Every structure is written in structure tokens, then in C-alpha cells.
Amino acid sequence: MSSKTRIVITGIGLTAPNGNSLPEFRGNLLAGKARIAEIDVRHMGRHPAGVCDFDATKWQKRKELRNGTRVGSISIYCAREALGDSGLVWESVDKSRVGVYLGITEHGNVETENEIHNISQFGFDTKYWTHHHNPRTVANNPAGEVTMNMGITGPHYTIGAACAAGNAGLIQAAQMLQLGEVDLAFAGGVSESIHTFGIFAGFKNQGALGAHEDPTKASRPFDKNRNGIVISEGGAIYVLERLEDAQKRGARIIAEIAGWCINSDATDAVLPNPERQAECVRLALKRAGMRPQDIHIVSTHATATALGDIQECTALREVFTDCPGTYINNTKSFIGHCMGAAGALELAGNLPSFEDGWVHPTINIDELDPECALPGLVINQAVQAPRLEAILNNSFGMLGINSALIVKKYGVA
Amino acid sequence: MTKEDIKQVVLDIIADIAPDEDLSAVKSEIRLRDQLSLDSMDFLDIVMELRKKHGIEVPEADYVQLASLDSCAEYLFPKFQAKGSK
């Protein structure tokens, strides 16, 4: 990292299909409990999907819920829960020095599809098109809804980064803290993707939509019989601060951001490029001042597509040679692909390993694909590890965006 | 439809678009904005719901007529009558 300013995580709020708090989420990951439902997708019938069941009225009035978006609601819930987790006294925080940086895969599809459906009931007469459409579909919507709900007057925007967005939100926040643009950041990733049929249809017609008679087994990265992505909603938002600020207020420091990299394949819109992925991981390690052997958990991006999983394994095999202390897992096997929230949620689910000493598994592997047989892959059962001090969190996305984020246990050299 | 019915129509719409509001003591003669937490987007919602649910059009120049329940009833009464006679 070029800057010497150290950035730490001091709060986490999340909603995942199998948990509305980090302890609940972590408990289900260690217990091997997936939660995927079957939902009715407009025009497409029933498909497996990860659905969140957090209490939206905990932090929002019903009118806010009516006028806002689903992803705005997810964002507000996660940000408010992260604030509670951080121990910050909100009344004494200078709101003009707080930033909100949220990664998104896409935004606006849900509302646009809903309005097209709405006016289809009126002969496609656009005078029935809602005046709420523009504030709901501007790309900063989820971050903006957080600022309005919490009275934050510092900067807010979203970072569009396909499925690398969760990491990208955290990286953006760390950079803004290092630059001194803000003193406190709410950052991570969010998604409402299950409410748009377009993403289901797009993946289906690409031959990449996961299916299984038991929906909880539909998302099966690294399994020989995997057949595609399970689309999910969710969010994970972190409170980030400069280390000295966190120390000054006596904050509980959950982990430290150690290094990162975002790069581009520049090759194909959908097919990943393992060479660039490996470069991304290596550069993140270099910036963190770490060797591959220093990473104890690799949280993989693998989405259960036929080729994508193999490509990531190729990249990891190249970087992590002779690393007996490195464990590899995957969270999408439990909760599907939470799109913009994926990277942020997958990191969150692994962070408690610094304290509890366990590595959660990758589930739904009935027959391991030999091409995905990485040493250190934790299959179906959680394992205890002698040393868990650093996590590499991979998130990759369409148009060839790669992100690697390294987080380490606080206080470890 | 009577003018009292029309007031209830408007109140039902407000109940949908402002679900946190207590509508039990809304006074007909007082501006809705002075009694309830309603903004310009909410009034556009009222216009949209009148259009969708009742086929009533309120041109922009007449939005001011929706200020109170009484003025709504006065303004909308002939429009509902015209609808009813079709």
C-alpha cells in the first residue's frame, strides 16, 4: 500500500439469505446450513433464489419503504446495524465527515421492469409511469437512501463493479479515508437482483442459471455437476476508520485492511481470464507486503458456472503453490450469488475465523470436479485451523473486472 | 358519489401513500399539508391514484385545488359526476 495510513473495520451490518446478523450468518456457515428458496420470477416461472427476511421496518417508516427501493432498504438496514455494531455514539459524530460507498452490480432494472409491467396494464400509456422512477433508478440510489435515513451530509455514491462490487466499495472507502476525504465510512456491497427477471433470463439464455430439485443444493461451486448461478439478494456494510481514530475512541477493532488490487482482463465480456486474476491476487499480496503462505483463508468468488470455477482454480493454483496453511472456501454454496453484495458478505462470513479459529466449508460438493481439486479446499465440513490471521477475498465480474482484498487480524505484524 | 364520498376516496389514497400518518382527526377545511407530512411527490401520488383507480385527470394547473379535503370535494365532484353519468 503506498499510503502508510492504516484502515480498520470497526462495525459490520448485514443481511444474507441465511442470516440477518453476523453471528446468525456465521453460525449457519459453520453448521453447513444453506437457505435458498424457490420464487416466482415474472415471465419465467419458479427458480431458486436467495431471499432475505430482515425486518425492514426496524429502521424505516412505511412511507420510506413505499417510496424507496428494495436495495435502498437493504442498505439502510445494513448501515444502521453496522453503526450499532461499531459502538459509535451517533449523536456526537460529525455527519459532514462521513462517507457512504456502496458497491453495486447493477441498479435500476427492478424499478424499470416494474414500471413497464405497470403501464402494460394501461395499454402502455406512459402517463401511468410513476414520478418516483427517477429517484429510484439513479445509480446513487442505495447510498443516497442511507444518507437521507441517517442524516449523513458527507459524500455518497455507488461503485458499479459487476460482481466485484463488494470489494470495490470497501476499497473505495479505504482510499477515501487515506486521502482524508472523510473520517468515517460506511462501505460494502448491496443487491436487489432477485426482483428483476432480466438477470434470470440473461443467465438462463447464457446457459448459466443454476437449477436443482432441492433449491438448497442448486448453488454448488466446484461440484462436478454444477450447472450455474443461483441469484440472490443481500447486503453487507462495514464501518471503516483510520486506525488512530479507532484507537482514540477505544473502538473494538474487528480486522485491518491489509491490501487490495482491482484490474481488468481486457479480453472478454463474460469469460474470466485466469492470468489476469492471478496478477490481481499477486499485486494485492505485494501491496500488503505478504507472501501467498501468509494467507490462511482464500474466500473464492466461484459462482458454480462450468468454466468460471475452473478459471479461478487455475489462477489460485498458480499463486498458492506450497501453501499448506492456506484453506480455501466458498460462501455462494450457502447463499447463492448476492451480486453486488457477494464480496462484502463473503468476507464478513469469514472474518469471525480470527476469533473462533474455524474455517467454514464449501457445501454441496457431492462429487468434486477434479479440475477444481485445490489443496486446502474445505469441503462440506468446517475445519479448525492452527493459525488464522489473514483472508484473501476474491470477487470477479463481467467485462473482466477482478478484485482481490486482503484483510488481516488486527495486531498481527 | 357525494362530496363526503369523495373526501373518503382522497383519504383512502392518502392512507396508501402516507401509511405512517394518523388520519382519524384530519379536518376537511384545513390544508392537508398543514396537518400531515405530505410533500410534492405525495400530491403527485394522489393525482396518479385518481387517474389509475378512478379515471380522473387533474391538470397541473389545478393541483392547487387539492389543498384540503373540502377543496378536493368541490373540485372533484363534477369530475366524478361526469364519470358516473357515462
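**Notebook: domains, sheet and chain contact**

I looked up the domains of chain A first, and the assignment gives domain 1 (7-248) and domain 2 (259-408), with bounds that come from an automatic or database domain assignment. I note that this is a predicted model, in which local features need pLDDT of at least 70, side-chain atom pairs count only at pLDDT 80 or more, and totals for chains, interfaces and linings use all residues. Residues are numbered from 1 along each chain as its sequence is written, while chains are lettered from A and ligands numbered from 1 in the order in which they are written.

I then looked up how the two domains of chain A meet: 57 residues of domain 1 are in contact with 52 residues of domain 2 (C-beta atoms, placed from the backbone, within 7 Å). On the domain 1 side, α7(A) gives the most, with seven residues; helices (H or I, at least four residues) and strands (E, at least two) are DSSP runs, numbered from the N terminus. By class, that side has 28 nonpolar, 21 polar and eight charged residues, where Ala, Val, Leu, Ile, Met, Phe, Trp, Tyr, Cys and Pro count as nonpolar, Asp, Glu, Lys and Arg as charged, and the others, Gly among them, as polar.

Next I traced an open sheet of chain A, which has three strands in the order β2-β3-β7 with mixed pairing (strands pair if DSSP finds at least two bridges between them). Strand β3 (residues 45-50) runs parallel to β7(A) and is joined to it by two bridges, and Gly50(A) stands opposite Ser232(A).

Last, I checked the chain contact, where eight residues of chain A touch nine of chain B.
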